Amino acid sequence: MKCIEVKNVNKSYGSVCALDNICLRFEENKIYGLLGRNGAGKTTLLNIITGRIFADDGEVLIDGVPALENDESLHKLYLASEKTLYPENMRIRDAFQWTKQFYPEFDAEYAKKIASQFELNTGKKVKSLSTGFTSIFKLIIALSVNTPYILFDEPVLGLDANNRDLFYKLLIEKYSESPCTVIISTHLIEEVSSVIEDIVIIKNGSIIKNESREELLAKGYTVSGTAQNIDAYIAGKNVIGVESLGGLKTAYILGDGNLDTPDDIEITKLDLQKLFIQLTNS
Amino acid sequence: MNIKAAYKYQLTDRKRSIIVFYCVILILTIFLGVMSVNFSSEGSMLSGMETATAIFLFILGLCTFKEPFFMLLQNGVSRKTIFKSQLFVTITITFIMAVIDKIFFIVDKSFSSLSNSGYIYLSLYEQIYNMGLPFANTFSLHVKMFIFYFLMYLAIFAIGYLITLIFYRLNKYGRIAVGAGVPVGLFIILPIMDNFLFDSRISHAIGSFFDFALGITSHNPYAAMISFTVAFVILSLLSWLLLRKAVVNA
């Protein structure tokens, strides 16, 4: 089966457990959001999948084949990481040329085209790029590399709103033209929520949610109203979080909200970012 | 596919520094040759070009690991392939540099024998094995010298590469300990201990070891060729042990 399979992966740094017995499957041609707070273990997981660091236990399979030190498997992945691994003195256009050498499917013409859309000067050296343009440079390669699995770690770091918008647009375009598996690890949940199909939420090195966005958001609802009404309504319900502002209260509840909701309470869909905050708080 | 690209990348990465090095050597050789022919009344001697190449290769070995390692990992190349391509690149570079040094040697020797100004060019090989003058210009000697330099360059590059890998794998405190401890131990504590406690027996043993390994007293360059080969194999194996578990440091 074509997928990235993470089997019983553990990773510790000294006494800190970064990943605790992670079991995951990233299936073919889906866009995943890998969500978690700072230090939750997202980057560690992506680095283990791509062989940049080693797991203490467990293994990663790419299309059923162990990926560890396997050129053929590693060749199916591309990670646009937060850390820049390209030589500082390399020019962007040279980086494109070398990527073509390693990934023959790399579309150099497309890379040049979107570089001009992002207004990235390909004659510049990597070290001379600002934080935003360094992210753009890596995004361009990731969008042009045409591997079956593309992984983004904090892809929009330092990008302005216009470039973030352009990135999501190009990603959707690319995915529509030639579907592949995309994993986006990010903090900007609200922005990415319309792009992702499946959600993996990681908390303190453990997976707490792994399901489709629709399923996850359909599992609950948001109610808002006066504090008194809300308190009365949520009694005995599976409440995952409550927010108060003045005399108004908002509660996030797991379950079906269409059955017994009084008229004086407003009911809305769960918001992914709110849900994420509630699930990962504490 | 990956090994071909990795080989090409690493070779290209080092090409520029090698070209710059030989440009400097060429300019220096011409400059010193012209100076000695025109301004030296008692004749002059130019030597040690191979030593310069050896030092350059040692430094190149020291500077070679991190950047290509990161770049190749970024491009889906396994550590096994990184190591293999690195070995092939090392062999290619040292072979080419041994060839270039041989060409320099032949040109310099021809120039010194044709010139009647007393200009003498003496190679490292001649100095080590004390061959005396005139130089026996035979094909077999040229081949022997070439193999000697090629293997010497391989071993010296491998020392630099291993050192840089050791430092990469160590943590901050380990780097400080090794960076300060090894030179202090080797060049201060050991000589003092040797002098006061062992009556210079350690330095004699080291001297004898190198004399035997390089075949200096016995005028046996084959001993050196075997020693360089063994050193290259051992150093490369140690490098692999360090590289196979190397990770991208934060």
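This is a predicted model: local features need pLDDT of at least 70, side-chain atom pairs count only at pLDDT 80 or more; totals for chains, interfaces and linings use all residues.
In chain A, the 30 positive and 39 negative charges have mean positions 6 Å apart.

Now the overall make-up of chain A. Chain A has ten helices and 14 strands. Its C-alpha atoms fill a box of roughly 65 × 40 × 35 Å along the principal axes. There are 282 residues in chain A, and buried ones make up 52% of them. The accessible surface of chain A is about 12600 Å². Carbon and sulfur atoms account for 47% of that surface. What about contacts along the chain? Take the contacts in chain A with a separation of 6 or more: 69% of them come from residues 24 or more positions apart.

Over to chain B. Here we count nine helices and two strands. Along the sequence, the pattern reads α-β-α-α-α-β-α-α-α-α-α. The box around the C-alpha atoms of chain B is roughly 60 × 55 × 35 Å, again along the principal axes. Chain B has 250 residues, and 42% of them are buried. For contacts in chain B between residues at least 6 apart in sequence, 79% join residues at least 24 apart.

Back to charge, as promised. How far apart do the centres of the positive and negative sets lie in chain B? They lie 21 Å apart, with 18 positive and 10 negative side chains in the two sets. For chain A, remember, the figure was 6 Å.

Next, a pair of helices in chain A. In general, two packed helices are described by the angle between their axes and the distance between those axes. Helix 5 of chain A covers residues 131-144, and helix 6 of chain A covers residues 161-177. They pack at an angle of about 10°, and their axes are 11 Å apart. Angles under 35 degrees count as roughly parallel. Helix 5 and helix 6 of chain A are therefore roughly parallel to each other. Which residues meet there? From helix 5 of chain A come A:Ile136, A:Leu139 and A:Leu143. Helix 6 of chain A brings A:Asn163, A:Phe167, A:Leu170, A:Leu171 and A:Lys174. Look at the spacing with one rule in mind. An α-helix has 3.6 residues a turn, so residues three or four places apart point the same way.

The loop between strand 7 (149-153) and helix 6 of chain A holds A:Glu154. Most residues other than glycine have a negative phi. A:Glu154 is not a glycine, yet its phi is positive, about 50°. Is A:Glu154 buried or exposed? At 10% relative accessibility, A:Glu154 counts as buried.

B:Ser200 is a residue other than glycine, and its phi is positive, near 65°. B:Ser200 sits in the loop between helix 7 (172-196) and helix 8 (201-214) of chain B. With 22% relative accessibility, B:Ser200 counts as partly exposed.

Now helix 3 of chain B, residues 66-74. Seven of its nine residues are buried, so helix 3 of chain B is largely enclosed by the rest of the structure. Those buried residues are B:Pro68, B:Phe69, B:Phe70, B:Met71, B:Leu72, B:Leu73 and B:Gln74. Just after helix 3 of chain B comes B:Gly76, with a positive phi of about 70°.

Stay with B:Gln74, which lies in helix 3 of chain B. Its relative accessibility is 2%, and B:Gln74 counts as buried. What does B:Gln74 touch, leaving aside neighbours within four places in sequence? The contacts are A:Arg52, A:Tyr78, A:Leu79, A:Ser81, A:Leu85, A:Tyr86 and A:Tyr103.

Last stop: A:Glu243, in strand 12 (residues 238-245) of chain A. A:Glu243 is partly exposed, at a relative accessible area of 31%. Not counting residues up to four places away in sequence, A:Glu243 touches A:Leu248, A:Lys249, A:Thr250, A:Tyr252, A:Lys274 and A:Gln278. How far is A:Glu243 from A:Ala142? The two are 101 residues apart in sequence and 39 Å apart in space, C-alpha to C-alpha.

Terms used
Residues are numbered from 1 along each chain as its sequence is written. Chains are lettered from A and ligands numbered from 1 in the order in which they are written. Side-chain values use heavy atoms; hydrogens and water are left out. Helices (H or I, at least four residues) and strands (E, at least two) are DSSP runs, numbered from the N terminus. Buried means under 20% relative accessible area, exposed over 50%, partly exposed in between (1.4 Å probe, protein chains only). Contact means heavy atoms within 4.5 Å. Accessible areas come from the Shrake-Rupley method with a 1.4 Å probe; for residues, only the protein chains shown count as cover. Lys and Arg count as positive and Asp and Glu as negative; His and the chain ends are not counted. The place of a charge is taken as NZ of Lys, CZ of Arg, CG of Asp or CD of Glu. Axes are lines fitted to C-alpha atoms, for helices over the stretch in contact, and angles run from 0 to 180 degrees between N-to-C directions. Angles under 35 degrees count as roughly parallel, over 145 as roughly antiparallel, 65 to 115 as roughly perpendicular and the rest as oblique.
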